[in-house]
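Welcome! Please take a moment with the sequence and the structure shown below, and then read on for a short tour.

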Amino acid sequence: MAGKSVNKKELARRYALAFRRSLKNDEAVSAFAEFLAFSDSLLKSEYYDMFVSPCYSSANQVQVITSLCQKAGLNKKVSNFLYVITERGRLKYLSDIRDSVRQDRLRDENKIEVSMTVASPLSDVQKDDAEKHIAEAFSAKPVLNISVDQDILSGYVIRTGSILV
């Protein structure tokens, strides 16, 4: 693949796919959940700055990620996956890899992540109605992330992937 550049989203998708293929069906749900929880924590920690800094060698980064995985008691396949992406200098793409893993998991469960921005808070009935209509439109159970933006005069804005309604 010399001479071709791959954007970070594509690279993240490839790593997420490799991770998924490394898992047996009965391991997938728990391994995905473990990876997502650990990566969320790591992205918010002071350690993450070390992984994106050119001041630390790959060997130092591998040593730290190995230690963190052991202390967290991570599944061997999750630990190995984190080791590989660290060793190859890809941990700087952890956020994108995590997002790809999350999307794969949702797709496996026939769910779709939807951001919904509304003018005012929704009642339970309105939320249920929105979920029903979104499920019909996308043929998948929506996982709603609802936020209120008072700059919207009325109505709502729905985003999923590259689709904006």
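Does Ser139 count as buried or exposed? This is a predicted model, and in it Ser139 has 57% relative accessibility. The cut-off for exposed is over 50%, so Ser139 counts as exposed.

Most residues other than glycine have a negative phi. Ser139 has a positive phi, near 50 degrees, and Asn110 has a positive phi as well, near 55 degrees. You will find Ser139 in the loop between H7 and strand S2 (141–148), while Asn110 sits in the loop between helix H6 (94–108) and S1. With a relative accessibility of 47%, Asn110 counts as partly exposed. Here are the two side by side:

| Residue | Phi | Relative accessibility |
|---|---|---|
| Asn110 | near 55 degrees | 47% |
| Ser139 | near 50 degrees | 57% |

**The largest pocket**

Now let us turn to the largest pocket, which holds about 310 Å³ of space. Its lining is made up of 17 residues, and those closest to the centre are Met116, Gln126, Ala130, Tyr156 and Ile158. Two or more lining residues come from each of strand S1 (111–118), helix H7 (124–138) and strand S3 (156–160). H7 gives the largest share, with 7 residues. What kinds of residues form the lining of the largest pocket? The lining has 12 nonpolar residues, 4 polar ones and 1 charged one.

Notes:
Residues are numbered from 1 along each chain as its sequence is written. This is a predicted model: local features need pLDDT of at least 70, side-chain atom pairs count only at pLDDT 80 or more; totals for chains, interfaces and linings use all residues. Side-chain values use heavy atoms; hydrogens and water are left out. On a 1 Å grid over the protein atoms alone, a cavity is a set of points where a 1.4 Å probe fits but cannot get out, and a pocket is an open set with protein on both sides within 12 Å along at least five of seven lines; lining residues have an atom within 4 Å of a point. Grid points are joined across faces, edges and corners, and a volume is the space filled by probe spheres set on the points. Helices (H or I, at least four residues) and strands (E, at least two) are DSSP runs, numbered from the N terminus. Ala, Val, Leu, Ile, Met, Phe, Trp, Tyr, Cys and Pro count as nonpolar, Asp, Glu, Lys and Arg as charged, and the others, Gly among them, as polar. Buried means under 20% relative accessible area, exposed over 50%, partly exposed in between (1.4 Å probe, protein chains only).
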